[in-house]
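Here are my notebook entries from a look through this model.

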Amino acid sequence: MSHIKEYIDKVTRYYERYTEYVRRNPAATAQLESTVRTLSYLIAGRFADSHEISELVYSASNLLVLFNDSILRKGLKCAFTVSLSQQRLLTWLSVLEYVEVFLEMGACKLWGDVGRWLVIGLIQIIKTIFRLVLLLRYKSGIQTSPPIIPLDRGADFAGEDDGTGEQQDDSCFVGQRSGRVIRPMGTTPSLQSRLWGAPSQKKRRSGLNGEKLHSRPTHLNLQQTLAESVYIGRPLVHLLCLALCGKQSWKPWLVSGALDLSSFAVLSERKFQNSWERSEMKRRTFLLLYYLLRSPFYDKYSEQKILFLLRLLADHIPGIGLVARPLMDYLPTWQKIYFYNWG
C-alpha cells in the first residue's frame with residue numbers, strides 16, 4: 001500500500017507542476033499543441049497503419065487542447081457559468097467528437113465492417129442523447145461543434161498580468177487629435193506577456209472570445225427547437241435509412257439532405273444574439289456543400305469533376321501540386337470514413 005501511495009503522490013506532484021506550467025506559459029502550451037497536430041499530418045501515408053496512428057495523434061492533440069483549456073479556465077477565473085452536470089455533458093460530448101474517427105478506424109481494424117458500423121451507431125446514439133438533453137433540459141440553444149469551443153490563447157490568455165489589465169488601461173494616454181492609445185512605460189508588462197497591440201484592442205478581443213462562457217444562448221421557440229431536434233437526430237435517421245435501403249441507394253442521401261435543409265431553413269430565420277451562434281450557422285451552411293462529396297452523388301457526379309479540377313490545378317499552377325496531389329491520393333480514404341463524411 002505504501003508503494004501505491006508514493007506513486008499517487010508522485011503523479012499528483014507531476015500534475016501540479018504541469019498545471020502550473022500551463023497557467024504560466026499559455027503561448028508555449030499552444031505551440032506544443034500545434035506541434036502535436038502537425039506531427040499527425042506528417043505521419044499520414046508514411047507507412048503501414050499510418051492513417052490510424054495519424055488519427056490517434058490528431059485526437060490526442062485535440063484532447064490536449066481540451067485539457068489545457070480546462071486548466072486555464074480554472075487558473076484565470078474563466079469558468080463556465082453553466083451547472084456542473086451540464087459542464088460534464090459538454091466535456092464528454094467534446095471528448096467523443098474528438099475520438100470518434102479513431103474509434104471508427106480502430107473498430108474496423110479489430111472487428112471488421114460489422115464492428116465498425118456497431119461502433120458508429122453506438123457513438124451516434126450517445127451523441128444524440130447528450131445533445132437532446134442539452135437542448136431540451138438545459139435550454140442550451142443551438143449545438144456547436146465542438147461543444148466546448150477552444151480558447152484563443154493569444155487574445156484571452158496573454159499572461160497572468162491581465163488581472164491588472166483594468167488598471168493599465170485606465171492609466172493609458174489617449175491623444176486628443178489622433179485618438180491613439182499609448183501605454184506609459186511604467187505600466188508595461190513583462191516581455192513574455194506583452195501584447196503589442198493597443199490595450200483597448202486586447203480588451204475587446206478578450207470579450208468576444210469569452211462570450212460563450214458568460215452569455216446566455218438565444219432563446220428558441222417551439223418551431224426552432226423542433227428544427228434543432230431534427231438537426232440533432234438526422235445522423236440516426238441516416239443510419240437507419242442506410243440499414244434499410246443499402247449504401248448505394250439514393251434514399252439515405254435524399255432524406256438526410258431534406259432534414260438538414262428543413263432544419264437550416266427554419267433556424268436561419270432566427271436572429272441570433274451571440275457571435276458563436278452565428279459562427280455555428282455559417283459552419284452549417286458550409287457543411288451543406290459536403291453533400292457534393294457524399295455517396296452516391298460523389299460516385300456518380302462529383303468524383304471525376306473534382307479529380308479533373310485538382311489535376312488541372314496541380315499541372316498548371318506552380319506550388320499547388322504540393323497540396324492537390326496528396327489531396328487526390330487521400331480522397332478515397334476520406335470517403336471510406338463515416339465520421340469524416342457524415343459525422
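**Surface entry**

I looked up Ile317 and found a relative accessible area of 38%, which makes it partly exposed (buried is under 20%, exposed over 50%, partly exposed in between, with a 1.4 Å probe and protein chains only). Ile317 sits in the loop between α12 (297-316) and α13 (321-336); helices here are DSSP runs of H or I with at least four residues, numbered from the N terminus.

I noted that this is a predicted model, where local features need pLDDT of at least 70 and side-chain atom pairs pLDDT 80 or more, while totals for chains, interfaces and linings use all residues. Residues are numbered from 1 along each chain as its sequence is written, and side-chain values use heavy atoms, without hydrogens or water.

**Core entry**

Next I turned to the largest nonpolar core, which has 18 residues (buried Ala, Val, Leu, Ile, Met, Phe, Trp, Tyr and Cys joined through side-chain atoms within 4.5 Å). Val101, Tyr338, Phe339 and Tyr340 have the most contacts inside this core. I see two or more residues given by each of α4 (84-136), α9 (222-245) and α14 (338-341), and α4 supplies the largest share, seven residues.

I then checked Val101: beyond its neighbours within four places in sequence, Val101 is in contact with Glu55, Ile337, Phe339 and Tyr340 (heavy atoms within 4.5 Å).

**Helix entry**

I also looked at Ile126, which is found in helix α4. Ile126 counts as partly exposed, at 29% relative accessibility.
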